[in-house]
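Please examine the sequence and the three-dimensional model shown below before reading the report.

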Amino acid sequence: MEIIYVYSTETLKHPKTIHKPTGDVNYKAWFKIGMTTQITADDRVLEQDRTANPEKLQILHRFDIVAAGHTMKAYDLEQKIHKILDRSGRRVRKNREWFEFDGNCDKAIDEIKKLIETILDDSDVNKKDIL
């Protein structure tokens with residue numbers, strides 16, 4: 001089992017603007033991108049859903065690397081995804097697997113899916129530019 005998963009919460013998956021007397025503060029949508037090799041994505045996310053989380057964690061995308069016909073390990077794919085997003089300044093906090101995206105939830109998930117496809121596509125001549 002080699003799975004990449006993406007989750008968020010109802011509040012965090014939507015960009016928002018908070019109006020304050022000192023001016024507006026814009027927040028982007030936040031998504032956690034992780035991996036599992038031992039249990040299902042659902043079980044892995046349940047492990048992370050503890051009393052400190054005020055909202056239910058919602059799995060928004062699962063990608064089974066083996067079922068899709070690829071041989072890359074989930075850990076390696078996850079690290080490449082994180083590296084690319086980190087380089088583009090999207091990591092929410094150092095040493096965390098949360099990343100911010102512009103636009104709505106569907107747009108963000110599509111962007112993550114495309115990033116996964118690009119990393120796994122052996123024929124992509126521009127891959128060296130992103131990895």
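## Basis of the report

The model is predicted: local features need pLDDT of at least 70, side-chain atom pairs count only at pLDDT 80 or more, and totals for chains, interfaces and linings use all residues. Residues are numbered from 1 along each chain as its sequence is written, and side-chain values use heavy atoms, with hydrogens and water left out.

## Overall fold

The chain comprises four helices and six strands. Helices (H or I, at least four residues) and strands (E, at least two) are DSSP runs, numbered from the N terminus. Read from the N terminus, the order of elements is β-β-β-β-α-β-α-β-α-α.

For 131 residues, a compact globule would have a radius of gyration near 14 Å, and the 16 Å of the chain agrees with this. That radius is taken over C-alpha atoms, and the globule rule is 2.2 Å times the number of residues to the power 0.38. Along the principal axes, the C-alpha atoms fill a box of roughly 50 × 35 × 25 Å. Among contacts in the chain with a separation of 6 or more, 66% join residues 24 or more positions apart; contact means heavy atoms within 4.5 Å.

## Surface and charge

Of the 131 residues, 34% count as buried. Buried means under 20% relative accessible area, exposed means over 50%, and partly exposed lies in between (1.4 Å probe, protein chains only). The chain exposes about 8100 Å², of which carbon and sulfur atoms supply 49%. Accessible areas come from the Shrake-Rupley method with a 1.4 Å probe; for residues, only the protein chains shown count as cover.

The chain carries 23 positive and 23 negative side chains, and the centres of the two sets lie 5 Å apart. Lys and Arg count as positive and Asp and Glu as negative, while His and the chain ends are not counted. Each charge is placed at NZ of Lys, CZ of Arg, CG of Asp or CD of Glu.

## The buried face of helix 1

Helix 1 spans residues 41-48, and its buried residues are Ala-41, Val-45 and Gln-48. Seen down the helix axis, these buried residues fall within an arc of 55°, so they line one face of helix 1. The arc is that of the directions from the helix axis to the C-beta atoms. An α-helix has 3.6 residues a turn, so residues three or four places apart point the same way.

The buried residues of helix 1 pack against strand 1 (3-8), strand 4 (29-36) and strand 5 (58-64).

## Phe-99 in strand 6

Phe-99 belongs to strand 6 and counts as buried because its relative accessibility is 0%. Phe-31 is 68 residues away along the chain, yet the C-alpha atoms of Phe-99 and Phe-31 are separated by 5.4 Å. Leaving aside neighbours within four places in sequence, the contacts of Phe-99 include Trp-30, Phe-31, Ile-33, His-82, Leu-85 and Val-92.

## Residues in loops

Asn-95 is situated in the loop between helix 2 (74-87) and strand 6 (98-101). Its relative accessibility of 64% makes Asn-95 exposed. Although Asn-95 is not a glycine, it has a positive phi of about 65°. Most residues other than glycine have a negative phi.

Thr-22 occupies the loop between strand 2 (16-20) and strand 3 (23-27) and is exposed, at 78% relative accessibility. Thr-71, in the loop between strand 5 and helix 2, is exposed at 75%; its C-alpha atom is separated by 9.1 Å from that of Glu-2, 69 residues apart along the chain. Thr-11 lies in the loop between strand 1 and strand 2 and is partly exposed, with a relative accessible area of 40%. Beyond its neighbours within four places in sequence, Thr-11 is in contact with Lys-16 and Glu-55.
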